[in-house]
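Here are a few exercises to work through with the model open beside you. Try each task before reading its solution.

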Amino acid sequence: MTVKTINWGIAGPGGIASKFATDLAHAEGAKLVAVGGRNLVKAESFASKFNIPRAYGSLEELAADEEVDIVYIGTLHPAHKENALMLLRAGKAVLCEKPFTMNAAEAEEMIQLARQSGVFLMEAMWTRYLPPIRKVREWLAEGHIGEVRMVKADFGFNIGWAPESRLLDPKLGGGALLDAGIYPISFASMVFGEQPTNIMSSARIGQTGVDEQFSLLFEYEGGRTAALNGAVQLGMVSDAYIYGTKGYIHAPNFLFGKSATLHVSGSEPVRFEDGREQSGYNFEAEEAMNCLREGKLESATMPLDETLAIMQTLDTIRSQWGLRYPADEQV
């Protein structure tokens with residue numbers, strides 16, 4: 001059975017978009033037909049690299065391309081909202097890179113427009129769709145480790161001292177929380193299916209005014225907890241553990257998700273391994289395309305209400321640190 005082809009556009013021909021475009025070639029029924037950005041030369045270079053028929057020097061032109069069904073937004077964090085709103089108004093389905101927006105107010109605005117317009121919108125939390133993470137969700141749903149009581153997840157990398165970097169620029173949404181922290185926080189949200197009732201946090205605010213590292217302790221009803229850490233100035237072992245009353249699950253280097261192991265008390269460990277060679281961005285693309293083919297306006301795996309709730313959690317954490325972005329001043 002032949003699947004319906006879905007035509008893709010890319011907004012923002014940068015590094016993350018290059019990874020997405022590379023993996024999109026592995027997604028059945030996906031066709032990359034256009035790319036747009038603020039710089040036509042850069043867009044044309046990107047188009048040449050990935051054999052994309054059309055390159056535009058503005059996102060307005062991309063939004064007006066009648067052949068495009070869905071657009072992947074890979075622009076800088078502060079541009080996500082305006083880019084998405086323009087595309088949604090043009091009737092284009094949107095897959096928006098994480099962090100979804102700069103704050104919850106922006107996320108709410110995007111979600112409201114998508115729902116009012118009846119247009120598909122999804123956060124590109126690619127980790128959720130990787131086969132090993134899907135297997136983790138399956139193990140949890142089947143109750144193999146009993147009642148989940150504790151989650152531990154870390155993600156950190158060291159970019160060195162680079163004050164000119166986007167990752168350390170508060171105007172561009174820099175800092176560990178939005179770039180690294182979104183992964184363990186979203187992982188905990190996936191496992192518990194809810195946001196914490198209490199948040200304790202600590203962060204190191206660096207010379208540029210952004211969080212260079214952080215530690216979080218989330219409390220949930222019934223004494224359940226999540227301990228989450230992230231950094232952009234520390235190389236960390238980025239593993240995730242889920243502890244339950246009957247055993248635990250280990251997902252090494254969890255956001256890249258190549259394997260996961262189920263440890264049930266009294267039984268031999270069960271290992272699931274994914275032999276894929278590509279990064280795995282194709283899986284989120286396939287999820288979005290399946291939703292479009294089925295006429296769905298959002299993904300059940302990454303619901304918009306959960307995306308908004310996670311952004312609200314991020315806002316709460318930043319408020320504890322007194323960390324604000326220019327986008328917050330507009331709220």
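**Exercise 1: A pair of strands in the mixed sheet**

Let's begin with one residue in this predicted model: Ile242 has Ile249 in S12 as its bridge partner.

*Solution.* Next, widen the view to the open sheet of eight strands, whose order is S8-S9-S10-S7-S11-S12-S13-S14 with mixed pairing. Strands S8 (198–205) and S14 (270–273) each have a single partner strand, so they stand at the edges and one side of each lacks a neighbour in the sheet. From one strand to the next, the twist averages 10 degrees.

**Exercise 2: Helices on this sheet**

Work out which strands helix H6 lies across, and which strands helix H9 touches.

*Solution.* Take H6 (residues 131–141): it lies across S7 (148–156), S11, S12, S13 (259–264) and S14, and runs at about 20 degrees to S13. Then turn to H9 (residues 304–321), which packs on the sheet and touches S8 and S9 (211–219). The direction of H9 makes about 55 degrees with that of S8.

**Exercise 3: The parallel sheet**

Give the strand order of the six-stranded sheet, and name its edge strands.

*Solution.* The order is S3-S2-S1-S4-S5-S6, in an open sheet with parallel pairing. S3 (54–56) and S6 (121–124) are the edges: each has a single partner strand, so one side of each is left without a neighbour in the sheet. On average, neighbouring strands here are turned by 25 degrees against each other, direction ignored. Now look at S5 (residues 93–97), which pairs with S6 in the parallel sense over four bridges. Within that pair, Cys96 has Glu123 in S6 as its bridge partner.

**Exercise 4: Two packed helices**

Decide how H4 and H5 are oriented to each other, and describe their contact.

*Solution.* First, the geometry: H4 (residues 80–89) and H5 (residues 104–117) pack at an angle of about 5 degrees, their axes 10 Å apart. Angles under 35 degrees count as roughly parallel, and H4 and H5 are therefore roughly parallel to each other. Next, the residues: His80, Lys81, Ala84, Leu85, Leu88 and Arg89 in H4 meet Glu106, Glu109, Met110, Leu113 and Ala114 in H5. These contact residues divide into six nonpolar, one polar and four charged.

**Exercise 5: Back to Ile242**

Which residues touch the most other members of the largest nonpolar core?

*Solution.* They are Trp8, Phe187 and Ile242, in a core of 109 residues. Helix H7 (residues 176–192) supplies the largest share of this core, twelve residues.

Conventions. Residues numbered from 1 in each chain as written. Predicted model: local features only at pLDDT ≥ 70, side-chain atom pairs only at ≥ 80, totals over all residues. Heavy atoms only, no water. Pairing = 2+ DSSP bridges. Axes fitted to C-alpha atoms, helices over the stretch in contact; angles between N-to-C directions. Contact = heavy atoms within 4.5 Å. Parallel < 35°, antiparallel > 145°, perpendicular 65-115°, else oblique. Nonpolar A, V, L, I, M, F, W, Y, C, P; charged D, E, K, R; others polar. Core = buried A, V, L, I, M, F, W, Y, C linked by side-chain atoms within 4.5 Å. Buried < 20%, exposed > 50% of the residue type's maximum accessible area, 1.4 Å probe, protein only.
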